[in-house]
Amino acid sequence: MQASRTAHIQAASPATLSVRLSRHIALEAAAGGEILVRVEHQAVSLGTFDACVVEHMRALSAGLPVDLLAASRDSVDREVLRLVQRLARSGLVEYSLVRADRGGEVVIEPQVPDYWPQLPDLTDGDTLVLSRFAYMRRRASEMVLESPRSGALFRLGDPAAAAMLASLSEPQPVARLRRQDGFPGTELLALLLDSQILLRIEADGDAGLRATEGDEHLVLWDFHDFLFHTRSTEGRHANPLGGRYPYVGLSNPPPAIRPRWPGRAIDLRRDSDTPGATVRPVTALLRERRSTRSFDDRAPLTRAELARLLDSAARVQATWCSPLDGEHGGPMMSYTARPYPSAGASYELELYLAVRHCDGLAPGYYHYDAGRHALTLLHVRPQDLDALLAAAAFAMGAPGPPQVLITIAARFGRVSWKYSAVAYELILKNVGVLTQTLYLVATEMGLGGCAIGSANIELFARMTGLPHHIEGAVGQFALGRGLDEEEADGPA
Ligand SMILES: Cc1cc2nc3c(=O)[nH]c(=O)nc-3n(C[C@H](O)[C@H](O)[C@H](O)COP(=O)(O)O)c2cc1C
């Protein structure tokens, strides 16, 4: 069946689009016409099929021409198509585009379950341009072309395809593309158009239309935000996702508590024993909480207040260890309990305090050791500390810097050692959780605070000496004793 179909399609078109089983997938026939699909070590039933389909299972590993399969009225082909569609819905097939006169293959990997390749008609007069969301990158030893708009990923085994894409940063008439050296074929253009990696625009190359991509809502998306959204959620990519522990055996699990910074620790345990005001119900705190951007330097917050805030919001309450894989062993994992929730009990967030004006604590840059409930002074350049505090004032539109600026940093590996695809988005969610905790504790203590959405990761790297991919700033919180309302300027 395979050979005759391929011969037919080559006569009609210079390129063959075929469907085949994805890599690492195998089909098995069970009793009674049942077909099983084997993925890794699991076998899942695809249902019962006509006996003739079982005979064609092997052909599916090599590839079947898509157009002939879809158009055929033959009852065996219809049954094979049903099997292919069943596999496609589960993301178990890929598509191969090969031109008879060239070596390079383009492989299309579906990213959404109902992807089915379509080839819209293209004429010489059509003008195409690359979507601003499309990008190419190296994945293992292959070049892949992707877009958060696309329902499929393209593995480009044909360098001419990459060259053609580069030329499509500017609108190009199809007629001109067809004249390019090594033109990879109209079929590829059509598939990329179908996947919204290419856009069809008016011949004059309307710049406004190119920017909006014909959708007024898409213009609101930055490239990286849209990519992050589609790759860190489920539904529009086929990457491994969730708590899969992909680095077990390759590296040790990062610890629950950050290794100590060198230097003398300032013990806060005695300070936080100071009794606080009567605790109000959380519903009252939620109503009372407001962002405070102006602080009263005549009455700075005290070391005891700072200690109590850190104790209530972020201190380690308990530690324990357990093997990753229960009774089967696996690496020993360390965990902590802290006042705020954290995805996977990761507790990857670290607090660094830029202290400008705190009664009982010398100005400087400190790390909060949540396990020991202590502060360790880091040696930083005074101009970096000033720059950090000035940037916080600027971000708040405040008349002056806060008394204390808390930088929330993340030990990225603590989360990504466990989670695939979602590690960074979980970290940002954890920042939100901790931020609200800091707001409520500050409110309860009669202190003022304000979240700051931006963070300078280069300045943090300079001050700590930590590479920005290992531990980096992901949030900030300004803290101090707020000015009375009538003394403070309005919110920025
Ligand atoms: C994630 C986040 C980032 C924020 N970033 C800033 C900021 O950079 N500058 C600022 O002045 N306020 C910032 N805020 C505070 C908001 O402006 C404030 O919460 C909002 O105006 C509501 O006012 P309220 O907090 O007084 O109720 C931020 C708040 C959050 C939750």
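Let's start with a helix pair. Helix α12, residues 382–396, packs with helix α15, residues 457–464, at an angle of about 150°, and their axes are 10 Å apart. Helices here are DSSP runs of H or I, at least four residues, numbered from the N terminus. Axes are lines fitted to C-alpha atoms over the stretch in contact, with angles from 0 to 180 degrees between N-to-C directions.

A word on provenance. This is a predicted model, where local features need pLDDT of at least 70, side-chain atom pairs count only at pLDDT 80 or more, and totals for chains, interfaces and linings use all residues. Residues are numbered from 1 along each chain as its sequence is written, and side-chain values use heavy atoms, with hydrogens and water left out.

Back to the pair. α12 and α15 are therefore roughly antiparallel. Angles under 35 degrees count as roughly parallel, over 145 as roughly antiparallel, 65 to 115 as roughly perpendicular, and the rest as oblique. The crossing of α12 and α15 is left-handed. That label applies if the near helix is turned anticlockwise from the far one by less than a right angle; clockwise gives right-handed. On the α12 side, D384, L385, A387 and L388 meet L459, R462 and M463 of α15. Contact means heavy atoms within 4.5 Å. The α12 with α15 contact divides into 5 nonpolar, no polar and 2 charged residues. Ala, Val, Leu, Ile, Met, Phe, Trp, Tyr, Cys and Pro count as nonpolar; Asp, Glu, Lys and Arg as charged; the others, Gly among them, as polar.

Second pair. The axes of α2, residues 51–62, and α4, residues 75–89, come within 10 Å and cross at roughly 60°. So α2 and α4 are oblique to each other. Their crossing is right-handed. C52, V53, H56, M57 and L60 of α2 touch V76, E79, V80, L83, V84 and L87 of α4. By class, that contact of α2 with α4 has 9 nonpolar, 1 polar and 1 charged residues.

Third pair. α11, residues 303–313, and α14, residues 423–444, pack at about 135°, axes 9 Å apart. α11 and α14 are therefore oblique. α11 passes α14 in a right-handed crossing. R308, L309, S312 and A313 of α11 meet L434, T437, L438, V441, A442 and E444 of α14.

Now the ligand. Which residues are around the ligand? R289, R290, S291, R293, A395, M396, Y439, C450, A451, I452 and G453. The cut-off is a heavy atom within 4 Å.

Then the polar contacts, meaning pairs of N or O atoms within 3.5 Å. A polar side-chain atom of R289 sits 2.8 Å from a ligand oxygen atom. For R293, a polar side-chain atom lies 2.7 Å from a ligand oxygen atom. A395 uses a backbone N or O atom, 3.0 Å from a ligand nitrogen atom.

Conventions:
Helix = DSSP H or I, 4+ residues; strand = E, 2+ residues; numbered from the N terminus. Polar contact = N/O pair within 3.5 Å; in protein donor to acceptor, adjacent residues only side chain to side chain.
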